[in-house]
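Student: I would like to go through the labels on this model and ask what each one rests on.
Tutor: Then let us take them one at a time.

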Amino acid sequence: MKIPRSVLVVIFTDDGQTLLIERADYPGFWQSVTGSQDEGESFAETAAREVDEETGFRAADFGGLIDLDYESVYCIYPRWRYRYPPGITHNRERCFALRLPSTLTPTLAPREHVAWQWLPFAAAATTVTSWSNAAVFDALSVKIAALHCSPSS
C-alpha cells in the first residue's frame, strides 16, 4: 500500500522549457515527475529516486534538487485509491525542481510513461492534467526569480 505522501519534480532549463511525461496507465495524462514516498524516506530522497527512475537523470549530476518550499494536498482520483489504505482520500505532495543545462533526452520507465515532451512553462501549465502540477509552475517561477535576485548573483 502507498503512503499518502508524494513528490512532484519539475525538470526545467534556463530558457524556460520543462519536461512533461505521459502516463502509461492513463493515455493523455501529462505530468512532471511524480512518485510516492517510501517508508523512511525524506521528501528529497523520494524526489531524487523518482527523477532517476522516471527519466534516467541523476539529480546530483546536475547540481541537485531545488526544494520549492511548496506543498499541496489534493484528492486522490477514485481510480487510484485502491493503491492506498482503506479510507485514504487525500495526498500531501512536496514540490521540487531540477535544472538541466539543456533539453536532454530522458530514458523513460516504460511501465510508467510512454512519451515525453519539452514545453515552455506557460504551455506546460495548460497541458498537464493535474491542477496541482499546473500550480507548481508558479511556485518555480517565484523561486527562480528569488535565486536571480539573491545578493550573490
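Student: How many residues line the largest pocket, and which lie nearest its centre?
Tutor: This is a predicted model. The lining of the largest pocket has 31 residues, and Arg23, Gln31, Thr34, Tyr74 and Arg83 lie nearest the centre. The volume of this pocket is about 620 Å³. Two or more lining residues come from each of E1, E4, H1, E5, E6 and helix H3 (131-148).

Student: Why is the pair of Phe29 and Tyr77 called edge-to-face?
Tutor: The planes of Phe29 and Tyr77 are at 90°, and an angle over 60 degrees counts as edge-to-face. Their centres are 6.2 Å apart, and the limit for a pair is within 6.5 Å, so the two rings pair and the label holds. By this rule there are eight aromatic pairs.

Student: What does the pair of Phe29 and Tyr77 tie together?
Tutor: Phe29 is in the loop between strand E2 (17-23) and strand E3 (30-31), and Tyr77 is in the loop between strand E5 (66-75) and strand E6 (90-100), so the pair ties together parts 48 residues apart in sequence. Ring pairs also link Tyr26, Phe29, Tyr77 and Trp80 into a cluster.

Student: What makes Arg23 count as lying over the face of Trp80?
Tutor: Arg23 is at 4.6 Å from the ring centre of Trp80, and the distance limit is within 6 Å. The rule also asks for a position within 35 degrees of the ring normal.

Student: How do you know that the span of helix H1 is close to the expected one?
Tutor: Helix H1 (residues 43-55) has 13 residues, and its first and last C-alpha atoms are 18 Å apart. The expected span at 1.5 Å a residue is 18 Å, so the helix is close to expectation. Just after H1, Gly56 has a positive phi of about 80°.

Student: Which elements cover the buried residues of H1?
Tutor: The cover includes strand E1 (5-13), E2, strand E4 (33-36), E5, E6 and strand E7 (113-120). Among the buried residues of H1 are Phe43, Ala47 and Val51.

Student: Why is Phe96 called buried?
Tutor: Phe96 has a relative accessible area of 3%, and the cut-off is under 20%, so Phe96 is buried. Phe96 is in strand E6. Beyond four places in sequence, the residues Phe96 touches include Val7, Val9, Phe43, Ala47 and Leu68.

How values were computed. Residues are numbered from 1 along each chain as its sequence is written. This is a predicted model: local features need pLDDT of at least 70, side-chain atom pairs count only at pLDDT 80 or more; totals for chains, interfaces and linings use all residues. Side-chain values use heavy atoms; hydrogens and water are left out. Rings of Phe, Tyr and Trp (its six-membered ring) pair if their centres lie within 6.5 Å; planes under 30 degrees apart count as stacked, over 60 as edge-to-face and the rest as tilted. Helices (H or I, at least four residues) and strands (E, at least two) are DSSP runs, numbered from the N terminus. Buried means under 20% relative accessible area, exposed over 50%, partly exposed in between (1.4 Å probe, protein chains only). Contact means heavy atoms within 4.5 Å. On a 1 Å grid over the protein atoms alone, a cavity is a set of points where a 1.4 Å probe fits but cannot get out, and a pocket is an open set with protein on both sides within 12 Å along at least five of seven lines; lining residues have an atom within 4 Å of a point. Grid points are joined across faces, edges and corners, and a volume is the space filled by probe spheres set on the points.
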